[in-house]
Amino acid sequence: MAPAKKFLLFIALAPLIAVVVQGAVEGEMGFRLHTLFSTECQNYFDWQTVGMMHSFRKARQPGRITRLLSCTDEDQRDYRGMDLAPTLHVPSMSRHPRTGDWYPAINKPAGIVHWLKHSEDAKNTDWVVILDADMIIRGPIIPWEIGAEKGKPVAALYGYLIGCDNILAKLHTKHPERCDKVGGLLAMHIDDLRALAPFWLSKTEEVREDREHWALNITGDIYEKGWISEMYGYSFGAAEVGLRHKITNKLMIYPGYTPEEGVEPILMHYGLPFQVGNLSFAKLAYHDDAIVYDCNRLFPEPPYPREVHLMERDSNKRRGLLLMLECMNTLNEALMLHHESVGCPKPKLSKYTRFLKSKTFADLVKPIYLSSAEKGSTTFERKQITLTKKETSYPKIHTVFSTECSTYFDWQTLGLMYSYSLSGQPGGITRLLSCTDEELKKYKGHDLAPTHYVPSMSRHPLTGDWYPAINKPAGVLHWLNHVTTDAEFIVILDADMIMRGPITPWEFNAERGRPVSAPYEYLIGCDNILAKIHTSHPEACDKVGGVIIMHIDDLREFALLWLHKTEEVRADKAHYATNYTGDIYSSGWISEMYGYSFGAAELKLRHLVNHDIMIYPGYVPSLNVDYRVFHYGLEFRVGNWSFDKADWRETDVVNTCWAKFPEPPDPSSLSREDEDALRRDLLSIECVQKLNTALNLYHQKTCRKDEESSESAEHSRKWLGETKGEKLDNLKQRNQLSDEESSESAERSRKWLGETRGDKVGNLKERKRLSKFSSVRAKIVSGSQRSWLVGIWAFSVMSFLVGISITLSRQQRDGTRNKADKDKV
């Protein structure tokens, strides 16, 4: 076809194209969908953003997506990740512009309000899906298909928001009966979001400043620091504007939880630590990790699906394990593809990266779609891939360690807990905290680890002997008698340890009647009169300690003997001498270690002694041994630098902001001449570096909040009327003041975001009038769409006239040329 005729055909069809476009706008595109998630200018949010964007594309989520990036101008100048996602820069409210309170979570509602006011996308959107950055999308989240209606958003259940049922709701909303315990996934109509957003922000401010009601029994917040104020701000704001949610626990799942039978969640929220096999993952362990910018570096490799099928017989529990794998594999696939996209050197293919690129993996993570017969429900379908390898299962394990109420043990606890989070250790962990009632009243470190509280035996209740080491067997015995556990094997560690990898019974061959432990060769009392005095079976005395892997049935039989034998040896002062005990101090300080060995000997419980499970920093490591534990109980040195835990017995490095241990030498400065010394020193450096990293992460989490809370405390008291003697005597006064403060707080929020007083919806009647207007407006094409369509029509008509004119001119010229040619002939 000639170019002129093609052009005329296009011009002739232009009006039809406009009609089709108009139909699309009023039809499918009338349900225009936009996905939002909120972040800050930090490495922590950058790797989450890479995961979110990859899963958004992979799940084929329709519509557009916007990252609401909250940063100060100073933060943005140094920020490297502007190209990680379609982004709207939002002024940071991490430091509240009025109170000075440090609360980054408020950036979520503040960012939503900013997007509604300043984004062109907000003007051309009908439905919104709001997610958190730490989520993986598994299939399209389409509001009208999962049951959302105007006035009835769909949301995930947040059952722990107990404040909806108590005084908190009565203080902060006029309609506590409408408070829904929801969060995580939010899918709603744009008109509902416009009505809700200012209240979401102002109610967040209210709850955040209501420090009087931050307690666990009121908010459900285990940290009691008001950290979930933004979640309550959402629920209370929705109650204020009359939004009632369709609540579901089938759309979203936390990796680590077991899904309901027959339910495939379309969203994973990895906000909580989880573990599968030898992998454990906690997002906070990567709080300042620049993994996005470190070429070809990935998160720890999880087990393969076939291994999971060997671990768990129950098909539904197995699905839960496979979801954890999918979460980690999706994050790693996202990082791998991102590194390729920014020009990182091509990495050497490994078994794991080949798996991530394989069709097997692609088939395992196909998007989940709502079945056509079940639109509007929350049941999803997905082709299941079955693996036929014979199934076996690994036993469940639990790790425990013993400490006391002192800052000396607190920094050790931080180091052990940080290393546990990185080690891939399966199962949970419990700190056995031995304290007197008086010590507990003053103790600050309750949140450092999952804790079981044990009555202190440091001062023996019968003899008055001061011997804190007895708290270890006493704590284990107390835990066994007061806690129900389904673990088959227990791993017992000391607080002054750093984990470097998993410690499992199946790898180290522990069995019922055959525990595993590390060698303590200096326990010479196993070979002399000490063992003959304190056990009926001295020949069964094993010189072991430090790391213990024991079947729980053995531990239940043994624990009381461990305690009693410790008391025996401690009371046998006649045999404290070094030539009997090997204790260089001759003070009976290692009586607990002998209590363990003699108690096990009484039961003829013989150990597998493993020399490769533990090493003391400062010792020369054996070649090709992957030690799982550092035990930094002894002083060690690297050149002129040294570390001795005893030097830090009285120093509070946990509650002293930004305190740390002296930095060890840089590994690059070490001499390479002596290979043994080099390997020894590298391990010593690794040990202290992990301790300092654990301290730094803890200070990042607590010091900024404490400093900023202290600065803003006086402002908060003044704002609440406390400095004027306006104490609230009863619930009626509280409700009255709450209403006044809610109005003032909402007005302040609107002013900060550039809103005018006229934007305020004054009462329910006005809201209904606006809602009615919004419904009418929703039925017609918006002004911007109408202008666009008129433009298409105008362009079509003008193009048609121009095309006709060009065609006629050409025909006239061709006619003249033909006439001239005829005249020449």
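**Legends to close-up views of a predicted model**

**View 1. The disulfide between Cys 41 and Cys 71.** In this predicted model, a disulfide joins Cys 41 to Cys 71, with an S to S distance of 1.6 Å. The torsion about the S-S bond of Cys 41 and Cys 71 is about 90°, and the disulfide is therefore right-handed. Because Cys 41 lies in the loop between strand 1 (33-40) and helix 2 (43-58), whereas Cys 71 belongs to strand 2 (residues 64-71), the pair ties together parts that are 30 residues apart in sequence. Both Cys 41 and Cys 71 are buried.

**View 2. The disulfide between Cys 164 and Cys 179.** The sulfur atoms of Cys 164 and Cys 179 are 2.0 Å apart and form a disulfide, and this link, with -45° about the S-S bond, is left-handed. Distant parts of the chain are linked by the pair, since Cys 164 is in the loop between strand 6 (154-157) and helix 6 (167-172), while Cys 179 is in the loop between helix 6 and strand 7 (182-189), 15 residues apart. Cys 164 counts as buried at 6% relative accessibility, and Cys 179 is buried as well, with a relative accessible area of 10%.

**View 3. The disulfide between Cys 657 and Cys 703.** Here a disulfide joins Cys 657 to Cys 703, with an S to S distance of 2.3 Å, and the link is left-handed, with -110° about the S-S bond. The pair links distant parts of the chain, with Cys 657 in the loop between strand 26 (641-643) and helix 22 (675-719) and Cys 703 in helix 22, 46 residues apart. Cys 657 counts as partly exposed because its relative accessibility is 31%, whereas Cys 703, at 2% relative accessibility, counts as buried.

**View 4. The pairing of the bonded cysteines.** The count comes to six disulfides, and when the bonded cysteines of the protein are numbered in sequence order, the pairing reads 1-2, 3-4, 5-6, 7-8, 9-10, 11-12.

**View 5. The surroundings of Thr 125.** Thr 125 is placed in the loop between helix 5 (120-123) and strand 4 (127-132), and at 6% relative accessibility Thr 125 counts as buried. The side chain of Thr 125 reaches the backbone oxygen of Asp 121 at 2.6 Å. When its neighbours within four places in sequence are left aside, Thr 125 is in contact with Arg 32, His 34, Trp 115 and Ile 190.

**View 6. Two further cysteines, Cys 327 and Cys 687.** Cys 327 counts as buried, at 0% relative accessibility, and Cys 687, at 0% relative accessibility, also counts as buried.

Key. Residues numbered from 1 in each chain as written. Predicted model: local features only at pLDDT ≥ 70, side-chain atom pairs only at ≥ 80, totals over all residues. Heavy atoms only, no water. Helix = DSSP H or I, 4+ residues; strand = E, 2+ residues; numbered from the N terminus. Buried < 20%, exposed > 50% of the residue type's maximum accessible area, 1.4 Å probe, protein only. Polar contact = N/O pair within 3.5 Å; in protein donor to acceptor, adjacent residues only side chain to side chain. Contact = heavy atoms within 4.5 Å. Disulfide = S-S within 2.5 Å.
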